[in-house]
Amino acid sequence: MPHYTFLKFIWPSALAMLIFIALPIVSISIQSLFIEHEKILVTVENCTPFGCEEITKVDLEATEAQEAENPLGKYNGFGTYTNRNHLAFSELKQAWSESGGLNDFLTEVFNLPFYKALSFTLAYTFIVTPLVIIIGFFIALAVNRLPSFFKGPTIFICLLPMIITPLIGSLVLFWMIDAEGIIGSLLQIIFNDPNLSLKASPTLTWVMLFVYGVWHHAPFAFIVFYAGLQTIPRDTLESAMIDGANKWEQTRYVIIPHLMPLAVFISLIQLMDNFRVFEPIVGFNAQASATSLSWLIYNDFRSGDGDMLFGSAAATSILTIIGISVLMTPVIVRTWKANKPVIGAR
Amino acid sequence: MNKKNNWLNILSLSFIIIWLILASVPFLWTLWGSFKVEADFFSKQDWRNAIFGVRTLVETGGVFTLNGYKGAWIQEEFWRAALNTGIVTVSVVTISLTLGTLGGYALARSGFRYAFWILIAALIFRAMPHITLVSGYLLPFFELGLWGHLSTTIVVLVAINQPFTLWMLHSFFLTIPKDLDESAMVDGCTRFQAFRHVIIPVMWPGVITTGLFSFLLAYNDFAITALLLTETNQTMVPKIAGFLGSAQEQGNVMFAVAAVVSATVPLFMLVLFFQRQIVSGLTAGAVKG
């Protein structure tokens, strides 16, 4: 296809991606170098019949004029990146010099908002992704053994946790796990502890979010592996059987190698999707014990008093993008070397 | 040998049954509970109340109640959010498929190295967490007066959807033989005429599959719609999140439960009617590579 024709076909799509994906990345890298203007304060004398007092208040007009003149805020260099809410270098240094041991130091570090979010995001990504692959694989093996009459309805039910809106899916589970919901109260009976609440314990909150992640994503791995199982050549399996391979050996030496490229594909998609974990934290109302990088950005826009912290959100965004790039590089390089790009749906 | 296989069958069957229970019961439970009052759905005394509706009978005179649905749809005007979701999803699906078929077709037929680079760039774009992009939009949108409109959100969702749509349709168009449109061009068609008269009639299976996933992306989105829309323009998902803040104070969690069930129904229908396409779409990228 000539270049000119190619351009005619691709420009709307390319333009949309340039303006709304590439440009925003440039925009946040600039934004992250600026910080909100300080409010301009004025001191006025407030006189009442009982005497006069001086009060300080925000000069709204001047503040607004200042914002209109320079909406980005004032230049702050890398100040936002290094402050307490992001990389927190000085806090780290202080914690290192003051702490008694490694444990002490880590506790200090994980109290800093950025490191708290980073640790949960990484834990979620690296615990949920392998579990999704393993559980999806076993579901695929099990469904493959079912009589064909049951396969359709089984796949139908399996798809439900995956296509459900993440926020809705986490709410549905959250309501059941609530201390007054069915699972919550059953657990109280089982452990004979009327005050047991999954929400109150940080560890249990993490476990709850991991369980949600596996529940939500396992169907994707299942479907991909199941489709892969259908393409295994009969001959190979049969010759393995003739050679005396038992079920385990067939799985280990025929099925798993055949499905390996699919596992790479699933882990690529799962790394992308799990690193942006966000909705479950809102749905499970878990921010007290677990936050993610995406949640931190969201929180900067919802900080309560109506001010959006653009600089802070932009800095976290850049750090998040650096994080996902580091995670993705090995997989993308591998894809590229194979020169056989893969991608697909979630 | 036989005895061993029996064990394996039992093991695999019980595994699949446990998984099916985990996958379906939360939905059934919430659907059933949405017709009860809060005192039953979150029962302090006995979890069985949620099944039999003991408090519901006392409070409303029937075992089932539509109070949650009435509260959500009429009092809290959930219909407005449902309408907005309808507008957003239909527009997003239509526009992204239009752009995506053109782009995907060009990428599949180009033959030049840069098509591969565009696909790699799209893969990297696909990896960007949506909320990092939103934090890039907000300030410019405020400055330009674009914030809060449904149309802005639609355009943003279309753009975010493009990388995935391009990949899906690209790999689908690769499965359509080149000879088909090339012979049309030998007969004197231009590239665009060949696309219109030869490719469009045979591309629907791929387009429907891709469309389903565009629909899911637009319908399920929370990060973008929550931050880019004003309260009156909200779609269903941010509206439900809003219920949680306000409803919990008023003791009206059941509004949120009813809204959640209402928003799940279209998704349920989607799987019911398009199961085959969803499965083939999920595997298209992986198996064909």
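Predicted model: local features only at pLDDT ≥ 70, side-chain atom pairs only at ≥ 80, totals over all residues.
Figure 1. Buried residues account for 51% of the 289 residues in chain B. Chain B holds 15 helices and zero strands. Its radius of gyration is 24 Å, well over the 19 Å from the globule rule for 289 residues, so chain B is more spread out than a compact globule. Along the principal axes, the C-alpha atoms of chain B fill a box of roughly 80 × 75 × 30 Å. Take the contacts in chain B between residues at least 6 apart in sequence: 70% of them join residues at least 24 apart.

**Figure 2. The contact between chain A and chain B.** Here 87 residues of chain A are in contact with 85 residues of chain B. On the chain A side, helix H1 (residues 3-31) gives the most, with 16 residues. By class, this side of chain A has 66 nonpolar, 14 polar and seven charged residues.

**Figure 3. Helices H10 and H12 of chain A, axes within 10 Å.** The axes of H10 (residues 202-230) and H12 (residues 247-275) of chain A cross at roughly 150°. That angle makes H10(A) roughly antiparallel to H12(A). The crossing of H10(A) past H12(A) is right-handed.

**Figure 4. Residues where H10(A) meets H12(A).** H10(A) brings A:Gly213, A:His217, A:Ala221, A:Val224, A:Phe225 and A:Gly228 to the contact. From H12(A) come A:His258, A:Leu259, A:Leu262, A:Phe265, A:Ile266, A:Gln270 and A:Asn274. By class, this contact has seven nonpolar and six polar residues, and no charged ones.

Conventions. Residues numbered from 1 in each chain as written. Chains lettered and ligands numbered in written order. Contact = placed C-beta atoms within 7 Å. Helix = DSSP H or I, 4+ residues; strand = E, 2+ residues; numbered from the N terminus. Nonpolar A, V, L, I, M, F, W, Y, C, P; charged D, E, K, R; others polar. Axes fitted to C-alpha atoms, helices over the stretch in contact; angles between N-to-C directions. Parallel < 35°, antiparallel > 145°, perpendicular 65-115°, else oblique. Left-handed = near helix turned anticlockwise from the far one by under 90°. Rg over C-alpha atoms; globule rule 2.2 N^0.38 Å. Buried ≥ 20, exposed ≤ 12 C-beta atoms within 10 Å, placed from the backbone.
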